[in-house]
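Thanks for coming. Please bring up the sequence and the model on your screens, and I will walk through a few places in turn.

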Amino acid sequence: MEKAIDHILKNNRLKRTTTRIDILSLLLNSSHAISYNDISEELGEGFDKSTVYRTLNSFEDKGIIHAVNDGSGGVKYALTLQEGKAAHVHFKCDNCDQTYCLPDTEIPGVHTPKGFVVKKSSLLLSGICENCS
Ligand SMILES: [Zn+2]
Ligand SMILES: [Zn+2]
């Protein structure tokens with residue numbers, strides 16, 4: 001765990017700071033995507049909001065994490081694993097309300113009419129997750 005965090009920080013030439021380490025360990029420990037609220041709840045009292053926002057933004061810029069929009073109104077974040085670099089499917093469980101990355105499930109190619117250039121795609125499936133089924 002410590003090792004994984006060090007590895008990520010080193011690879012991205014980021015210094016070890018408490019906020020970075022805390023956020024990465026939350027993401028590494030979570031099997032599902034987590035929201036800013038989840039993160040702030042876990043960090044508890046006394047953390048600096050703007051530091052958390054800045055950290056999440058810089059992680060996203062560097063491709064360490066990606067934002068997942070699951071239609072719940074807020075953005076959730078998940079670690080971008082090596083195998084998840086390609087556009088992959090996300091899955092929202094109707095029962096536990098968690099949203100999971102399915103890094104091995106790539107988004108199938110979609111044909112668009114002439115003149116429409118796809119730059120980004122996302123696909124959200126919903127149903128029952130493996131923990132709930
Ligand atoms: Zn579930
Ligand atoms: Zn994902």
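S25 sits in helix α2, which covers residues 18-29. Helices here are DSSP runs of H or I with at least four residues, strands are runs of E with at least two, and both are numbered from the N terminus. S25 has a relative accessible area of 18% and is therefore buried. Buried means under 20% relative accessible area, exposed means over 50%, and partly exposed is in between, with a 1.4 Å probe and protein chains only. Leaving out residues up to four places away in sequence, S25 touches M1 and I5; a contact means heavy atoms within 4.5 Å.

A word on the source: this is a predicted model, where local features need pLDDT of at least 70 and side-chain atom pairs count only at pLDDT 80 or more, while totals for chains, interfaces and linings use all residues. Residues are numbered from 1 along each chain as its sequence is written, chains are lettered from A and ligands numbered from 1 in the order in which they are written, and side-chain values use heavy atoms, with hydrogens and water left out.

Next, helix α3, residues 36-43. Which residues of helix α3 are buried? They are Y36, I39 and S40. Seen down the axis of α3, these buried residues fall within an arc of 95°, so they line one face of the helix. The arc is taken from the directions that run from the helix axis to the C-beta atoms. That buried set packs against α2, β1, α4 and β3. On the face turned away from the buried side, α3 carries the exposed residues N37, E41 and E42. Just after α3 comes G44, with a positive phi of about 75°.

Now the sheet. It is open, has 3 strands in the order β1-β3-β2, and its pairing is antiparallel. The edge strands are β1 (34-35) and β2, each of which pairs on one side only. Two strands pair if DSSP finds at least two bridges between them. Between β2 and strand β3 (residues 75-79) there are 5 bridges, in the antiparallel sense. V68 has K76 in β3 as its bridge partner. Helix α4 (residues 49-61) packs on this sheet and touches β2 and β3, its direction making about 105° with that of β2. Such axes are lines fitted to C-alpha atoms, for helices over the stretch in contact, and the angles run from 0 to 180 degrees between N-to-C directions.

Last, the metals. Which residues coordinate the zinc ion (ligand 2)? They are H66 (NE2), H88 (NE2), H90 (NE2) and C101 (SG), at 2.0 to 2.2 Å. H66 lies in strand β2 (residues 65-69) and H88 in strand β4 (residues 88-93), so this pair ties together parts that are 22 residues apart in sequence. Donors are N, O and S atoms within 2.8 Å of the metal (3.2 Å for Na, K and Ca); water is not among the atoms, so sites may look incomplete. H66 is buried at 15% relative accessibility, and H88 is buried at 7%.

The zinc ion (ligand 1) is held by C93 (SG), C96 (SG), C129 (SG) and C132 (SG), at 2.3 Å. Along the chain these donors follow the spacing C-x2-C-x32-C-x2-C. C93 is buried at 0% relative accessibility, whereas C96, at 29%, is partly exposed.
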